[in-house]
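Student: I would like to go through this model with you, starting with helix packing and then turning to charged pairs. Shall we look at it together?

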Amino acid sequence: MFKTRISNKNTTYGIIGLGRFGESLALSLANSGAEFMVIDKDEEKVREMRDYTENAYVVQTLDKKSLSATGIQNCDVAVVCIGEHIDTSILTTLNLVSMGIKKVIAKARGLEHGEILAKLGAEVVYPEKDMAERLANRLIASQVIDVIQLSEKINISKVMLPDRLEGKTVVDINMRKKFNVNIIAIENNGEVMQVVNPEYVFRNGDILYLSGSSEGLNKFGEWIG
């Protein structure tokens, strides 16, 4: 059990829920050498995490007694990564806060969910929104001008044409197939092309208006970067 901190100098983390967000967080912590524990009801996911931490527990019911048995109350930070079941997310967050953990962070699916979590005393994160905001920083090579989130699944990105795409056609790049990203318009020298021909040849000064999920736009950025 995660009963005591290994080192007083290190911050210890507890992750509840090994969905895409929770798993990514756990792997990032592992790569950084941080001390952490994970909790999930899926035995296979927990077993995979034991390659990265010995503190990986299968817990079916996230009540205070079951959580306490893992020793998560000894963590400095607990992160609730439950997204699908809002009721479970709220109750788990409430239990962790009442256990006296210094910092509880909870993933929210939407504003109302986030408001409830905040009132319980948690720091709230919106992964989809945060991904969209981080996109501008990660797509350095593509010179992102602006990113607008229309919903949790749809984002509009205004991007300066990367040098490596100049001279290639829309069909050459095939963004829709590779990244599920669509070019909805191209601007150059003040003129906007709203209907983009697949045979259009990208040229210097093009500004691309792209639509897609944060994940798709992120993959496109990594590819061109």
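Student: How are H4 and H5 oriented to each other, roughly parallel or roughly antiparallel?
Tutor: Please keep in mind that this is a predicted model. H4 and H5 are roughly parallel to each other, because their axes meet at an angle of about 15 degrees and angles under 35 degrees count as roughly parallel.

Student: How far apart are the axes of H4 and H5?
Tutor: The axes lie 9 Å apart, with H5 covering residues 111-119.

Student: Is the crossing of H4 and H5 left-handed or right-handed?
Tutor: H4 passes H5 in a right-handed crossing.

Student: Which residues of H4 and H5 meet?
Tutor: From H4, Ile 86, Ser 89, Ile 90 and Thr 93 take part, and from H5 they meet His 113, Ile 116 and Leu 117.

Student: Changing topic, how many salt bridges does the structure hold?
Tutor: There are three salt bridges in the structure.

Student: Which residue forms a salt bridge with Lys 102?
Tutor: The partner of Lys 102 is Asp 76, and their closest N and O atoms are 3.7 Å apart. Lys 102 sits in the loop between helix H4 (86-98) and strand E5 (103-107), while Asp 76 sits in the loop between helix H3 (64-70) and strand E4 (77-80), so the pair ties together parts that are 26 residues apart in sequence.

Student: Is Asp 76 buried or exposed?
Tutor: Asp 76 is buried, its relative accessible area being 11%. Lys 102, in turn, counts as exposed at 68% relative accessibility.

Student: What does Glu 123 pair with in a salt bridge?
Tutor: The side chain of Glu 123 meets that of Lys 103, with an N to O distance of 3.3 Å. Glu 123 belongs to strand E6 (residues 123-125) and Lys 103 to strand E5, so this pair ties together parts that are 20 residues apart in sequence. Glu 123 is partly exposed, with a relative accessible area of 39%, and Lys 103 also counts as partly exposed, at 38% relative accessibility.

Student: And which residue meets Asp 206 in a salt bridge?
Tutor: Arg 203 does, with 4.0 Å from N to O.

Student: How accessible is Asp 206, buried or exposed?
Tutor: Asp 206 has a relative accessible area of 0% and is therefore buried. Arg 203 counts as partly exposed, at 43% relative accessibility.

Definitions and conventions
Residues are numbered from 1 along each chain as its sequence is written. This is a predicted model: local features need pLDDT of at least 70, side-chain atom pairs count only at pLDDT 80 or more; totals for chains, interfaces and linings use all residues. Side-chain values use heavy atoms; hydrogens and water are left out. Helices (H or I, at least four residues) and strands (E, at least two) are DSSP runs, numbered from the N terminus. Buried means under 20% relative accessible area, exposed over 50%, partly exposed in between (1.4 Å probe, protein chains only). Axes are lines fitted to C-alpha atoms, for helices over the stretch in contact, and angles run from 0 to 180 degrees between N-to-C directions. Angles under 35 degrees count as roughly parallel, over 145 as roughly antiparallel, 65 to 115 as roughly perpendicular and the rest as oblique. A crossing is left-handed if the near helix is turned anticlockwise from the far one by less than a right angle, and right-handed if clockwise. Contact means heavy atoms within 4.5 Å.
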